[in-house]
Amino acid sequence: MTILITGGAGFIGSHVVRLFVEAYPNYHIFNLDALTYAGNLENLKDIEEQPNYTFVKGDITDETFINKLFEKHKFDSVIHLAAESHVDRSIKDPLAFVKTNVIGTMILLNAFKNLWKDNFQNKLFYHISTDEVYGSLGQTGLFTETTSYDPNSPYSASKASSDHFVRAYGETYDMPYVISNCSNNYGQNQFPEKLIPLFINNIINNKPLPVYGDGNYTRDWLYVNDHAVAIDLVFHKGKNKETYNIGGFNEWKNIDLVKLLCEQMDEKLSRPKGSSEKLITYVKDRPGHDLRYAIDASKINKELGWQPSVTFEEGLNKTIDWYLNNENWLHSVTSGEYQSYYEKQYS
Ligand code: NAD
Ligand code: TYD
């Protein structure tokens, strides 16, 4: 079986690529990634020489290139993660999100459909999506697979749109697909624009920790390796044309999470208790900021036997250790473009 994984040089993609390359020597894994600011081949250094792995640099919005690639390698399945993924960037440049997340997904869907339309047997298009498509919850309730889509940010609207197109290809062309919608991931190799790695990096450098609004926003956090395991399960055992919600059963208010992070960082950096907390700075809120996301992951739990393997405290501990032991990685991704992004976003 040949599998095309898109966005494999990014945060979640790199964990998925590694899992598939190591667990399935009889599959050939192609990793297609444009290597935007978020993509980094360092994330896959340990597996780049594996015989069942091939990296291809390319853009999913380049239709001619994508069609040729599909013609050449005849991918049996696609696991599609490539995306613009950061809400704050989507507020500043929404069109970039439409291009990659909507048009790019369409181009992949077309290439896959055109290749296999005469016989879709044993073929699968697996689209990786987010819980943000469901919009915002109040203080109670959980997102289930039947919750109506109600996206609020350009990012979530672009992901919602791509989900709809995948579903529409399933209905219209009988193309086999699965979609999973996951909550906030954290773990090693996450680009330090997202809350946890950004705050780890700022604590290391004694910089302010910019908490948006009053900090009372809630997210459900999942360790990235647990997401990769869930993706493996959905890919192999998920039912055709179904959606699976994936979450950590692990809700945290931002401010409580940040305080826990500060506590663990003080200990690890041997700084006096309370040092990192002093860096907390409340800043202007994100426009359209969703109050709360929380996933009901009972379907994947009951049907596929999946559950998270680590507690949040363990996962956070491992994540901090990784960033402290990989300061070169952190340094290389925070030089260059990152500086101007940071200025624009936080000045
Ligand atoms: P990321 O930003 O870390 O990585 C995205 C990758 O896609 C990068 O390697 C980038 O180079 C590549 N890419 C971007 N545009 C491309 C293009 N036009 N052509 C080819 N490659 C391109 O993102 P992530 O956090 O790893 O998220 C991966 C997927 O999972 C996304 O689809 C995202 O919507 C979804 N998701 C993320 C989270 C999360 O918490 N991070 C949660 C749920 C779902
Ligand atoms: P983020 O990691 O950007 O993920 P998402 O917006 O996809 O949930 O943000 C997580 C939460 O942290 C969200 O409520 C916004 C908040 N946040 C801050 O308070 N300050 C920051 O600098 C960032 C990046 C996020």
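Arg 89, Glu 193, Lys 194 and Glu 337 are linked in a network of salt bridges, a salt bridge being a side-chain nitrogen of Lys or Arg within 4 Å of a carboxyl oxygen of Asp or Glu. The structure is a predicted model, in which local features need pLDDT of at least 70 and side-chain atom pairs count only at pLDDT 80 or more, while totals for chains, interfaces and linings use all residues. Residues are numbered from 1 along each chain as its sequence is written, and side-chain values use heavy atoms, with hydrogens and water left out.

Arg 89 counts as buried at 12% relative accessibility, whereas Glu 337 is partly exposed at 40%. Buried denotes under 20% relative accessible area, exposed over 50%, and partly exposed the range in between (1.4 Å probe, protein chains only).

A search of the whole structure finds 13 salt bridges. Among them is the pair Arg 18 and Asp 46 (2.9 Å, N to O). Arg 18 lies in helix H1 (residues 11-23) and Asp 46 in the loop between strand S2 (28-33) and strand S3 (53-57), 28 residues apart. Arg 18 is buried, with a relative accessible area of 15%, and Asp 46 is partly exposed, at 48%.

Helix H10 (residues 312-325) has 14 residues and reaches 20 Å from its first C-alpha to its last, close to the 20 Å expected at 1.5 Å a residue; the expected span is 1.5 Å times one less than the number of residues. Buried residues of H10 include Phe 312, Leu 316, Ile 320, Trp 322 and Tyr 323. Their cover includes helix H6 (195-204), strand S9 (218-223) and helix H8 (254-268).

The secondary structure comes to 12 helices and 12 strands. The radius of gyration is 20 Å, close to the 20 Å that the globule rule gives for 347 residues, so the protein is as compact as a globular protein of that length; the radius is taken over C-alpha atoms, and the rule is 2.2 Å times the number of residues to the power 0.38. Of the 347 residues, 56% count as buried. The C-alpha trace spans about 65 × 45 × 40 Å along its principal axes.

Terms used
Chains lettered and ligands numbered in written order. Helix = DSSP H or I, 4+ residues; strand = E, 2+ residues; numbered from the N terminus. Contact = heavy atoms within 4.5 Å.
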